[in-house]
Amino acid sequence: MGYSASLLATCKLQEKSDILRMEIQPQPHVVCVPFPLQGHIIPMLKLAKLLHHKGFFVTLVNTEANHNRILESRGINALDGLPDFRFVTLPLQQPPSNSHTSLALSFLALREICRKDFLPLFRDLITKLNHTSSSSTPPVTCLLSDAILSYTLSLSQELQIPNVLLWNMGASGFLSFKHSRDQIKQCLAFLKDPSKKPGEEDKKNLDNMMEWIPGMKGAQVRDLAKFFKNRDQGSMSDSGDSELIRASQASAVIFHTFDTLETEALKTVSPMFKRVLSIGPLQSLLDNISDDDKYDSIECNLWNEEAECIKWLDSKEPNSVVYINFGTTTVITMEQLVELAWGLANSKHNFLWITRPDLIMGDSAVLPPQFLTETKERGFIGSWCPQEQVLNHPSTGVFLTHCGWNSIVETISAGIPVICWPFFGEHFVNCRKSCNEWGIGVELSSNFQRDEVDKLVKESMSGDIGRNMKGKAMEWKKIAQEAVTVNGSSSFNLNNLVNQVLLSNNI
């Protein structure tokens, strides 16, 4: 979406005016509260850093369990050292999350715990923050909440302060969920036929197309099977509808995206909320801050990163490495692990493969000894890594990903094409957009075999398909960089977030 020169000039004048106002009035204090999963904490922390740079006093809320994990993985001083930026904790119990429990059930259990226990704990925290405010710690003036925690809106309404919701997905992913809620009963009817034995599925029904979901061109009902695969999950429709009704009362909602990437989806979403702001890529906005170094030491990674992988990448030729990472919650079977391993081995390409300790469903990740011997000169296998640094490394050629939204935004920012293996929920939307609309990806079958892995890796790394994908990826990288320039759409929206929402008296 373009902006006229006069509008941008007006925005700059307004920004200067608000900076003067902030210097005269008490410092604004934003409390940022992510849903307690790694993929939700990362974008919230980045947005918190941007607001701190804009002059806000920032308080970021983690659960006690996650706070302790961060200190264990990053060190005792990981969350210290920045004036007017602090971390506080909530004693919220978290369900065990490991490969023995399905992702869907773990997510639902955590969401249910938050629904029951989060708001009273959060209300006590805000009350304590306001009662202990001083000249060095101003009272809370606004909230930035994860959209899953939309019940924080009842507290902000009591306090008469702005509350902005951050969606941890793209606008297209959001639309797919909204529309799919209206179709859950229909999907469940497809997936479960009372006349069949439990567990049997109607292949013909699963192959039906779902053109009614925006952003899912070419998708089939089976794409939602992992998310809506039993009748018990039909109850998610009611809770989802309640979340959407609450979210419509937020001062604004933020999608971590940029205008050109999801133009039509953003237009469709806009009438559903008071204000919709596309702000991203967040890391690129942070990179444009001249004194960005002071923010580098503050991270909320729940996993211990292996810096050795960067040294290993340094030893490889440009565009010669396949990077494989399925995120923090995706799990695979031992059979899939073995097929993926031999597919990578047979491709003869270098690879950096992240295998979390809980990656394998109900087991530990044990790779075949013969595979390790055959690939020891061209493979690096680690438990976690600094993903954005890996994606931006010149040796990285393609990213084999589960298509989580954070990973998609990060790979677009880096100009790296993707091999998509979607696992859960809106991963499938992100896959379809990457392959069918943005032209940066190819899809790996759900139940892939080693020959398919071998073929797609070769095509993506050295074939015509790969060259076309790389060209498209570099085009999107350029467009993403334009969005975060001083006159770019994301910078414009970030200023509007500050000036027209968080500093506004209009709730």
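Glu 112 has a relative accessibility of 31% and counts as partly exposed; buried means under 20% relative accessible area, exposed means over 50%, and partly exposed lies in between (1.4 Å probe, protein chains only). The model is predicted, so local features need pLDDT of at least 70 and side-chain atom pairs count only at pLDDT 80 or more, while totals for chains, interfaces and linings use all residues. Residues are numbered from 1 along each chain as its sequence is written, and side-chain values use heavy atoms, with hydrogens and water left out.

**Exercise 1.** Which side chain meets that of Glu 112 in a salt bridge?

Step 1. A salt bridge is a side-chain nitrogen of Lys or Arg within 4 Å of a carboxyl oxygen of Asp or Glu. Glu 112 meets Lys 116 at 3.8 Å, N to O.

Step 2. Both lie in helix α4 (residues 103–131); because they are 4 residues apart, about one helical turn separates them. Helices are DSSP runs of H or I with at least four residues, strands are runs of E with at least two, and both are numbered from the N terminus.

Step 3. Lys 116 is exposed, at 54% relative accessible area.

**Exercise 2.** Is the pair of Phe 174 and Phe 255 stacked, tilted or edge-to-face?

Step 1. Rings of Phe, Tyr and Trp (its six-membered ring) pair if their centres lie within 6.5 Å; planes under 30 degrees apart are stacked, over 60 edge-to-face, and the rest tilted. The count comes to 20 aromatic pairs.

Step 2. The ring centres of Phe 174 and Phe 255 are 5.7 Å apart and the planes stand at 65°, so the pair is edge-to-face. Phe 174 lies in helix α6 (residues 171–181) and Phe 255 in strand β6 (residues 252–255), 81 residues apart.

Step 3. Phe 174 is buried at 3%, and Phe 255 is buried at 0%.

Step 4. Trp 167, Phe 174, Phe 255 and Phe 273 form one aromatic cluster.

**Exercise 3.** Which residues touch the most other members of the largest nonpolar core?

Step 1. A nonpolar core is a set of buried Ala, Val, Leu, Ile, Met, Phe, Trp, Tyr and Cys residues joined through side-chain atoms within 4.5 Å.

Step 2. Of the 73 residues in the largest core, those touching the most other members are Phe 56, Leu 144, Ile 254, Leu 352, Ile 412 and Leu 497. Helix α2 (residues 38–53) gives the largest share of this core, 7 residues.

Step 3. A second, separate core has 31 residues, including Leu 337 and Val 442.
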